[in-house]
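Please consult the sequence and model alongside the text.

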Amino acid sequence: MNSMYPEIGRIMMAYDKKFKVFMKNALKNNNLTVAEALVLLSLYENDGQTQDMLLSSIYYDKSVMTRTMKALEDRGLISRSSNPDDGRSWIFHLKKSGRDLKPEIVQALRDWCSIVFDGMDEARSAEMLELLREVYANVNKE
């Protein structure tokens with residue numbers, strides 16, 4: 001085993017923790033969790049998604065996603081409708097109150113990115129993205 005692997009793992013876990021704490025603090029006035037903010041962001045990009053589509057874009061497990069969708073719906077930020085292509089699933093849509101949160105969520109992510117990518121040029125950021133895609137592909141091999 002490469003001697004760097006444990007440190008890489010620790011850094012990835014620390015990054016995740018710092019990101020969640022940062023976003024929780026940035027979104028506390030809106031009482032949003034990180035999962036809820038990521039769902040809303042995905043719906044801003046493509047409104048009218050099924051839960052499976054959302055799962056593939058934000059990488060949470062199904063149980064977390066189910067609770068998240070219920071919480072967003074209970075707060076009136078999203079609505080669900082029957083999926084005409086699959087009666088066993090729902091299609092989720094933003095409501096006006098969910099759309100209204102977009103500027104604050106986007107700003108929180110911009111603030112996070114300005115911290116994370118401070119001093120990195122575009123080429124290094126692109127390299128990092130490619131490496132992370134490779135790592136993610138490796139952990140998803142079946």
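Q49 stands opposite F92 in strand β3, and R80 likewise stands opposite F92. The pairing of β1 (residues 49-50) with β3 (residues 90-94) is antiparallel and rests on 2 bridges. Strand β2 (residues 78-82) also runs antiparallel to β3, to which 5 bridges join it; strands count as paired if DSSP finds at least two bridges between them.

This is a predicted model, in which local features need pLDDT of at least 70 and side-chain atom pairs count only at pLDDT 80 or more, while totals for chains, interfaces and linings use all residues. Residues are numbered from 1 along each chain as its sequence is written, and side-chain values use heavy atoms, with hydrogens and water left out.

The chain has 7 helices and 3 strands, arranged from the N terminus as α-α-β-α-α-β-β-α-α-α. Helices (H or I, at least four residues) and strands (E, at least two) are DSSP runs, numbered from the N terminus. The C-alpha trace spans about 50 × 40 × 25 Å along its principal axes.

Helix α2 (residues 34-45) packs against helix α4 (residues 62-74) at an angle of about 75°, with the axes 10 Å apart. The two helices are therefore roughly perpendicular, a class that covers angles of 65 to 115 degrees. Axes are lines fitted to C-alpha atoms, for helices over the stretch in contact, and angles run from 0 to 180 degrees between N-to-C directions. From α2, the residues A35, E36, V39 and L40 meet V64, M65, T68, M69, A71 and L72 of α4; contact means heavy atoms within 4.5 Å.

Leaving aside neighbours within four places in sequence, L32 is in contact with L27, L40, L72, R75, L77, L101 and I105.

S42 also lies in α2. This serine counts as buried because its relative accessibility is 7%, buried meaning under 20% relative accessible area (1.4 Å probe, protein chains only). Beyond neighbours within four places in sequence, S42 is in contact with Q49, L54, S57 and I58.

Terms used: Angles under 35 degrees count as roughly parallel, over 145 as roughly antiparallel, 65 to 115 as roughly perpendicular and the rest as oblique. Buried means under 20% relative accessible area, exposed over 50%, partly exposed in between (1.4 Å probe, protein chains only).
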